Amino acid sequence: MKHETMTTGLQESDIRPAPLMTEFMRLSSIDAHIYFKAPERLVEVPCPACGSERREGAFRKNEFLYCSCLECNSLFVSPRPTREALVDYYENSSASRYRVEHFARETAKERRKHMLNSYAMWLGRMVDEVGNPAARAYADVHTQSPQIFDAVRELGLFDTLYSLYPLNTLEPDCAKAGAEVARGDLSGLGTVSMLGQLENRGNPLDYLIWIRGLMADRGVLTISTRTVSGFDMQVLWDKAPYVFVPEHLNLLSVEGLTILIARAGFELVELSTPGQLDLEFVHNTTAYDPAVELPRHIKYLLEHRGPEAHADFQEFLQKHRLSSHVRIAAVNAATPQEGGR
Ligand SMILES: [Zn+2]
C-alpha cells in the first residue's frame, strides 16, 4: 500500500481562521448543550472503528467523555448523540448555519487553492489507477465544500457530478458549481468522496456500508478525515483546541481506520497522512495558551531550530503516517449490504 508526502505552503490560518473558529466553537458548545442534553438523545457505543467494547476514559470536553479503545487506540465519544439528534443539530443549529455562512464560504478561496485542488488531483490519479472506467458518475457525500465540484470537473473523468445530501443552505452553491443535488439513494457511482465526514458520523461503519451500496463494483471511495494517531493530537491530547462534539465524535487511529475500511467491505488502496500543519498547530496552541505544557524535546525543537528543521520534521510525520490529517482511497470490493446514513 502506498503513501505520500507533500507541501503546498498551507498555513493553519488559511483553513481555520482563528476568529471564525473561536465563534464556531462557542456556538457549537452552546448548541451541543441544547440539542444533546436530554438523556434519550444519547447512546453508548462500542469502538466505532474495530467494534471492541474494551475502552478507558481519556478526557472530557464540554461534559462529553472521550474514550480510548484498548484494541486499536481510536478515540471516540461515548455516550454520544443519537442519529436523530445529530440530524436535528445539523439541520437546525446556529453552529451549523454559522459553518455555512462564515466558515465554508469565507475560507473557500484558500481551501480550494490549497486543499481541494490537490485532493482532486489525487482523486483523479486513484480513479485512473484502480477505478472502474465504465462507471462515470461521481458524488460528494454530505457536501460541505461545493468548490470540490469545480476541481473535480476539471479532471474530465466524469459524466455527472452529484452532491448527495448537502447541507440545505449549500444547495445553490453546489448547483452553481455544476453538481446535481441528490436527496435519494443513487446507484452505480464510480467515485465517491467524503471530505471531513467520518469524524462526525454517529455510526461510521453503517455509513460506509450505505455508501458502498450506492457504488459500482470496483468504484473508488476517497476519504479525508482526522486521526488520533497524528502528532498534534498525540502531543496536545485533551488540550487540542479544535476537538469538540459533535464535529469530532470519531478520531480513529491509523490502525482503526484500516480495520474499519475492511469491515465495511472495501479494499484499502492508500492510507496517507499528507498533513502539513501538525507542528505549526502545536506551536500556535502554545502561543495562544501558554498554560499548555509541551514535552521538553518538542519545546526545544520549536524554540531552537528553524524553518528547515521544522519542514523536515513535518515531512517525517507525513512519510511515516504520523500526521493527523489522513487521506484514504479504497475500492468497493464485495457485495453490497444493508446500511444507513
Ligand atoms: Zn477499536
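Where is Trp237 found? Trp237 sits in the loop between α9 and β11, where helices (H or I, at least four residues) and strands (E, at least two) are DSSP runs numbered from the N terminus. The structure is a predicted model, in which local features need pLDDT of at least 70 and side-chain atom pairs count only at pLDDT 80 or more, while totals for chains, interfaces and linings use all residues. Residues are numbered from 1 along each chain as its sequence is written, and side-chain values use heavy atoms, with hydrogens and water left out.

Trp237 has a phi near 50°, a positive value in a residue other than glycine. With a relative accessible area of 26%, Trp237 is partly exposed; buried means under 20% relative accessible area, exposed over 50%, and partly exposed in between (1.4 Å probe, protein chains only). Asn62, in the loop between β2 and β3, has a positive phi of about 50° although it is not a glycine. Asn62 is partly exposed, at a relative accessible area of 45%.

Two cis peptide bonds can be described next. One joins Ser78 and Pro79, with omega about 0°, and Pro79 belongs to the loop between β4 (75–77) and β5 (80–81). The peptide bond from Val245 to Pro246 is cis with omega near 5°, and Pro246 is placed in the loop between α9 (231–236) and β11 (250–251).

The zinc site comes next. The protein donors of the zinc ion are Cys47 (SG), Cys50 (SG), Cys69 (SG) and Cys72 (SG), lying 2.3 Å from it. Donors are N, O and S atoms within 2.8 Å of the metal (3.2 Å for Na, K and Ca), and sites may look incomplete because water is not among the atoms. Angles of 102 to 118° among the four donor atoms make the site tetrahedral, a label given to four donors if all angles lie between 85 and 135 degrees. Along the chain, the donors follow the spacing C-x2-C-x18-C-x2-C. Distant parts of the chain are linked by the pair Cys50, in the loop between β1 (42–43) and β2 (55–61), and Cys69, in strand β3 (residues 64–69), 19 residues apart. Cys69 counts as buried, at 1% relative accessibility.

Met25 has its place in helix α2 (residues 18–36) and is partly exposed, with a relative accessible area of 22%. Leaving aside neighbours within four places in sequence, Met25 is in contact with Pro241, Tyr242 and Phe244, contact meaning heavy atoms within 4.5 Å. The C-alpha atoms of Met25 and Pro241 are separated by 9.2 Å, although these residues are 216 residues apart along the chain. Ser28 is also found in helix α2 and counts as buried at 0% relative accessibility. Residues up to four places away in sequence not counted, Ser28 touches Tyr89, Ala95, Phe244 and Val245.

Finally, helix α11 (residues 278–288) and helix α12 (residues 296–304) pack at an angle of about 95°, with their axes 11 Å apart. That makes α11 roughly perpendicular to α12, the term for angles of 65 to 115 degrees, with those under 35 counted as roughly parallel, over 145 as roughly antiparallel and the rest as oblique. Axes are lines fitted to C-alpha atoms, for helices over the stretch in contact, and angles run from 0 to 180 degrees between N-to-C directions. Leu279, Val282 and His283 of α11 meet Ile298, Leu301 and Leu302 of α12 in this contact.

Key
Tetrahedral: all angles 85-135°; square planar, octahedral: opposite > 155°, others 65-115°.
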